[in-house]
Amino acid sequence: MSDIIGYSILLYISISYVSAIYISTKDITDYKLSRDDPRVIKSRMKKISILTIFNIFLIPLLQKNFDANDSNKRYIDYFMDLGIIPGRQISGNLNIILYIRNIFESILLICQLFIGPMIDMILYHIFINGYSLQAVINSIKSLFNTIWNIRNYIFAPITEEIFYTSLLLTSYETLFKDITFKRKLFETPIFFGIAHIHHAYETYCKSKLVANGPSIITIGISTIFQMTYTYIFGILTNYIFIVTQGNLLSCIILHSICNIMGFPGESELQFYYSVIKPLKETKMKRLLTLWNKIYIGLLLLGIILFVKGLNKFTTI
């Protein structure tokens, strides 16, 4: 019976986030399938914000009432364990220095993974856009000056990490007995992956409104890829949340950087000078080919550095 309650709470956490997205108001009914319409974005952000605040207070109450480990913790302890208080660890200790250090370690870890795309992006801006301090500032500003980018790079990382890392993981640890480290890592991200199925529904509905839209097979393959990618990412944020004793901000910043960088693809520099503005000089073509090989090498190096960096988080 206790397991049924536990899984019901986990399912509620997962489904409630997606459900809030599809609760439409009358003034945007005609745009309910257009997730990138500004009115839809604002409406969804408002509803998810309210739900996030509600769940931050509700879930600790459920954890206290259905704790399978017979803990004597108070409600405030369950609340604090969510990781929303800077510097406060799940163990109950307050360590701001370690908290900040873990944040920088998380940033370094993800930058190592994206070392290839980051260097490629820098070179792209130098050769294509020209290098200047103002250009750098404008590029940074452009990441956060539209409602689409605010949703993707700020709002989504904050709310998704609260729901799918903090609320899910702490509930899983509390509502079930004898949960091993591996189970903590690999089981709750399943909910995060499944939660992205709704994108397939939106894509399918949009495809019916336009000519030559993606086929069901294409949508299915894309959805499976996205579910797999988000599942693996969920494992990563769970790992960081656990080893840093509940450093939720580290997970949020890492999530934001991953959204900004996207899934690593081909070199932007290679694409620009091969497709958009093909090079004519043989020497420059050779240099571009050389860079492409270096870029592929950096992708592999990034994976190696990333794997090694997982064991380098500072703990007490």
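**Salt bridges, nonpolar cores and a buried asparagine**

A salt bridge joins Glu 105 to Arg 101, with the closest N and O atoms 3.5 Å apart. The structure is a predicted model. Both residues belong to helix α4, where they are 4 residues apart, about one turn of the helix.

In total, 7 salt bridges were counted. One of them pairs Arg 39 with Asp 37, the closest N and O atoms being 3.3 Å apart. Here Asp 37 is buried, at 14% relative accessible area, while Arg 39 is partly exposed at 40%. Another salt bridge connects the side chains of Glu 187 and Arg 183, with an N to O distance of 3.0 Å. In this pair Glu 187 is partly exposed, with a relative accessible area of 26%, and Arg 183 is likewise partly exposed, at 29%. Salt bridges also link Lys 73, Asp 81 and Arg 88 in a network.

The largest nonpolar core comprises 52 residues, and those with the most contacts inside it are Tyr 164, Leu 236 and Ile 240. At least two residues of this core come from each of α1 (2–21), α2 (38–65), α4 (96–113), α7 (147–175), α9 (189–194), α11 and α12. Helix α7 gives the most, with 10 residues. Beyond residues up to four places away in sequence, Tyr 164 touches Ser 14, Tyr 17, Val 18, Phe 191, Phe 192, Ala 195 and Asn 238. A second, separate core contains 9 residues, among them Leu 269, Tyr 272, Trp 291 and Tyr 295.

Asn 247 is located in the loop between α11 (216–243) and α12 (248–261). This residue is buried, with a relative accessible area of 1%. The side chain of Asn 247 reaches the backbone oxygen of Tyr 99 at a distance of 3.0 Å. When residues up to four places away in sequence are not counted, Asn 247 touches Tyr 99, Asn 102, Ile 103 and Phe 241.

Ile 76 lies in helix α3, which spans residues 75–80. At 37% relative accessibility, Ile 76 is partly exposed. The C-alpha atoms of Ile 76 and Pro 60 are 8.0 Å apart in space, and the two residues are 16 residues apart in sequence.

Key
Residues are numbered from 1 along each chain as its sequence is written. This is a predicted model: local features need pLDDT of at least 70, side-chain atom pairs count only at pLDDT 80 or more; totals for chains, interfaces and linings use all residues. Side-chain values use heavy atoms; hydrogens and water are left out. Buried means under 20% relative accessible area, exposed over 50%, partly exposed in between (1.4 Å probe, protein chains only). A polar contact is a pair of N or O atoms within 3.5 Å; within protein, one must be able to donate a hydrogen and the other to accept it, and residues adjacent in sequence count only if both atoms are side-chain atoms. Contact means heavy atoms within 4.5 Å. A nonpolar core is a set of buried Ala, Val, Leu, Ile, Met, Phe, Trp, Tyr and Cys residues joined through side-chain atoms within 4.5 Å. A salt bridge is a side-chain nitrogen of Lys or Arg within 4 Å of a carboxyl oxygen of Asp or Glu.
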